[in-house]
Amino acid sequence: MLKSNRMPPLRELQSSAIAELIECAQAGYGSVISISGTMGAGKTSLLRDICDDVRSRDFTFLQLFGNFPERENGFEAARALLGSAPLTRAAARPGNESAPTDIAEAIRAIENWKPGDSTSTSVVSRQIDDIICFLSRDMPLVIGVDDCQWLDSPSLKWLTEFSWRIRQMPVILVVVVGSGEVCVDPEQLDELISNAVHEFHPDPLRPSEVATILENSLGIPGDPEFIRACITGTCGNPRLMTALAAHLAERQIVPDAENAPWVSTLELAGLAPALRARLRRVTKHAHAVAQVVTVLDTSATIDRVAAMTGVTPSVISGTVNALQRMGVLDVERQSVTIVHPLIESLLRQQLTYSALQELHCQAARTIALTGGNPKDVAEHLLASAPVAEPWALAALMAAAEHVLTDGDPRSAVAYLRRALQEPSTDSDRFKVLGRLGEAEARIDIKEAMANLSQVVAASSCAEVRARAGQQLADLLGILGDEVTLERRAGSLRSLSAGTILPMHTTAALFELQKQGEQAVAAALGRRVQIGDDSDPAALKQFMTTYAATADADSSVSIAFTSHCRNRTFAVALADRVVTSPLADVDQFLAHLRGNQTLIHGGRLDTAFTHCDRLITMATAWQHLPALSAAYGQRADIWFRRGRLHEAVDDARTGLKLLEDSQADPRAGTVMMLRARLIHALVELGSLAEAMDVLEAGGWTIDLPPDPDFPSPALLFARAQLLVSVGRTQEGIRELLTLGDRLTDWKIANPALIPWRSSVAIAMHRTGHQKKALTHAAEEVRLAREWGAPGPLGRALRIYGSILPRRAGLATCKEATDLLADSDWSLEFAWSLIEYGSALHSSHRDVEARKFLKQAHRIGLDIGSPILVDRAKTDYGIVGGRLGKNSSKASVLTPAEQRVALQAAAKQTNREIAVALFVSRRVVEIHLTRAYRKLGISGRNELPDALRTIGVTPAES
């Protein structure tokens, strides 16, 4: 059975003060206590607690309630007070001799008194005093007066005068006053309160008290997050909390964390009549003022409320002040807000849909006319019907620009879609549609492509078309959608003619870069002398002659890289790109491409630092495709460094971001991320998971080689996966198909896709030694020409592993020496294994053990079970024995550990997602994996489980 909801008992200090006053009253010395507070603050409950206390000490208790409808009558309250005492009711009956004659006559005189009688109010007041003295003769007396502000004037005057006289009487007077409420005689009320010995103000409910109310009403304890939501929604107001608990019980709402966000939006319909009545008692405008403040929200000021209600600011100011004292409104400087979210919700829900729309329209117009924030205007326009006035379209466009700059594309999209509902000219409509496409490009790729394409195809304004074309090209570039970009290159390039946009659009440069660096330079109107990249003077002359934009620099650097020449020049251009300003999204693609050149050029440290910069900027802009591309680049760097788990985490995060932004599964960046994820999973030995990733993109390893396969990177990953699962011949065919395509595209650099070394090692395993050596030797030649240590070290390692013994040993040693001082930890570890194997073949087992042991240690550090097993097996072949792996470093990935630590510190999934700039789904994935690896079932076990792997969680 559920318990009733009594309000919290007296606080300790209040109880102590009341006990002291009771002792004084028992000794014949009376006093006054005032209880004041806002609407629903628990004043009556506090009075009731005092009454319960004094009743237990043999006090006579008289209670009086102020009555708003009777506040204009005379002595109505005093008569009600005397009528509440059994002894006075008996004394007032004719013929009763149990009370002195003068007291009985006084009672009857007061009962019969009416305004205008010859008996003055002062005489009646003295008669009431005599009756009180008579009632307190045998035992002390407590008089409780609730809603004192609504007493009629004569009763209030008597009570004020009586408060001076009770100091020599065994009487305690407790008066309850509602702050800000209407009073017939405010001066008398102030005088009465000033005589109080103690003035109590009920405190807001504490969490433990809210928990008790919830448990009494619902029969189950509330979740801490739900309790916090109740306190937020009610501000600890007892009346609201009681009504909320009753509503929850009626609707059978479970007080758990999942329901916590909805608490402040619940409609406490049972409070609506009382709320309206209390507000209208203040002034006839009070209810309308509260509703307007609710609609205006953070934009509410006295002047704006006055404008929307049609009442003068001075009248509104008085009403607002009264509502502030009542605890309904809060006023800070010029801003006016509703105090309690639940009251705000109730006021809003009382409005009909059409009335709410009209108020939002008025609010938008008022804020716009008073120079308010365009974002505030736009928020109100979202909730209103079309206005069909020029200021509305201008405000929505301005607000969209503002929030887009602040990194809130979702709001920008909402504003611009709303702007399309406003009547406008074709020119304005296409301008809005173009800006909408730019905003959608950050969060909704499918809609962005459709809207930008429509502007390019149909707008009559050349500048609007050109801007939309540039945005479309940049989006396609970030998405790596090479097929679409190449198909549209000519038409997009033509858009720049006769506009303020530069001639070298993204599309034009992409189309030309496949033809080589000279073709790009020629398109820019430059005759550039490209010399030997080992000659510093040639590099200086080139960089001086070739001074172009970041777009052009990145395109030329990509052309150098693709054609496997002039690495020094390409890296110098890329350096110039990544050190150029990155102020907005328009510059992102150039930086992304420049950074890719640094990765291929072997500058992993610089590229990693810039990747973090790209991620930070894309996060600030909330540009999901850009953010995913940056995560993809970082996954590539993690992989080359041998940090496989981190590579997996970043690739998965990038894929999730693109999925959230409605990217085409066949877009280049989607497939590139899928390819990088597959490579890392294969290296970790998670072949089944790698196949799942491939199938999730719509492909399987069972499909035949496809010359039109849209992504060379994913084709390479699928071929590697085929070889890894033992289907070597199929993998070879796939790799050769890939090689033909890359040759057609004039992409020769093994730093991009090392297909030759991969097909060489596969052919070697199937006995095709001559072909294997040819492909491996060609990759070594190209890698030497490019000069980056990672690609060259890989090419040498694989070439050395298939060469005859002596030549192979020297080549493997060259690979190991080359990679020893590089960042390519994974490739270095494999080169150590191949070198150790070559030493064994040369009967140099003692030397081999040193290199194999080092490879084993690196494998443990980077968490590659395949590498560890191979090193351990080869170490056994050369006569060594390695102990069991005791490293705990690879139990959790860094991302899993970050999420687990925050979850152990009692943060919710939502809070963790916000802190780490990821989605809640990503947090859930990391937590699930952490639970599985740690062998636990929930976050309560996380702190202890983390300590077992040497990680100390922070105190919550």
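Student: Hello! Which residues touch the most other members of the largest nonpolar core?

Tutor: Good place to start. In this predicted model, the largest nonpolar core holds 175 residues. Those that touch the most other members are Leu214, Met241, Leu244, Leu323, Leu329 and Phe588.

Student: What does Leu329 touch, leaving out residues up to four places away in sequence?

Tutor: Leu329 touches Leu323, itself one of the residues with the most core contacts. Gln324 and Thr337 are also on the list for Leu329.

Student: Is Thr294 buried or exposed?

Tutor: Thr294 lies in helix α13, residues 286-296. Beyond its neighbours within four places in sequence, Thr294 is in contact with Ile338, Glu344, Leu347 and Arg348. Its relative accessible area is 1%, and the cut-off for buried is under 20%. Thr294 is therefore buried.

Student: Which residues of α11 meet α10, and how many nonpolar residues does the contact have?

Tutor: From α10 come Phe226, Cys230 and Thr234. They meet Leu240, Met241, Leu244 and Leu248 of α11. By class, the contact has one polar residue, no charged ones and six nonpolar ones.

Student: Now α33 and α34: how are they oriented to each other?

Tutor: Helix α33 spans residues 644-660 and helix α34 spans residues 668-683. Their axes are 9 Å apart and the packing angle is about 155°. Angles over 145 degrees count as roughly antiparallel, so α33 and α34 are roughly antiparallel.

Student: What is the handedness of that crossing, and how many charged residues are in the contact?

Tutor: α33 passes α34 in a left-handed crossing. The contact includes Arg652 and Leu655 of α33, along with Arg674, Leu677 and Glu683 of α34. By class, the contact has 11 nonpolar residues, two polar and three charged.

Key: Residues numbered from 1 in each chain as written. Predicted model: local features only at pLDDT ≥ 70, side-chain atom pairs only at ≥ 80, totals over all residues. Heavy atoms only, no water. Core = buried A, V, L, I, M, F, W, Y, C linked by side-chain atoms within 4.5 Å. Buried < 20%, exposed > 50% of the residue type's maximum accessible area, 1.4 Å probe, protein only. Contact = heavy atoms within 4.5 Å. Helix = DSSP H or I, 4+ residues; strand = E, 2+ residues; numbered from the N terminus. Nonpolar A, V, L, I, M, F, W, Y, C, P; charged D, E, K, R; others polar. Axes fitted to C-alpha atoms, helices over the stretch in contact; angles between N-to-C directions. Parallel < 35°, antiparallel > 145°, perpendicular 65-115°, else oblique. Left-handed = near helix turned anticlockwise from the far one by under 90°.
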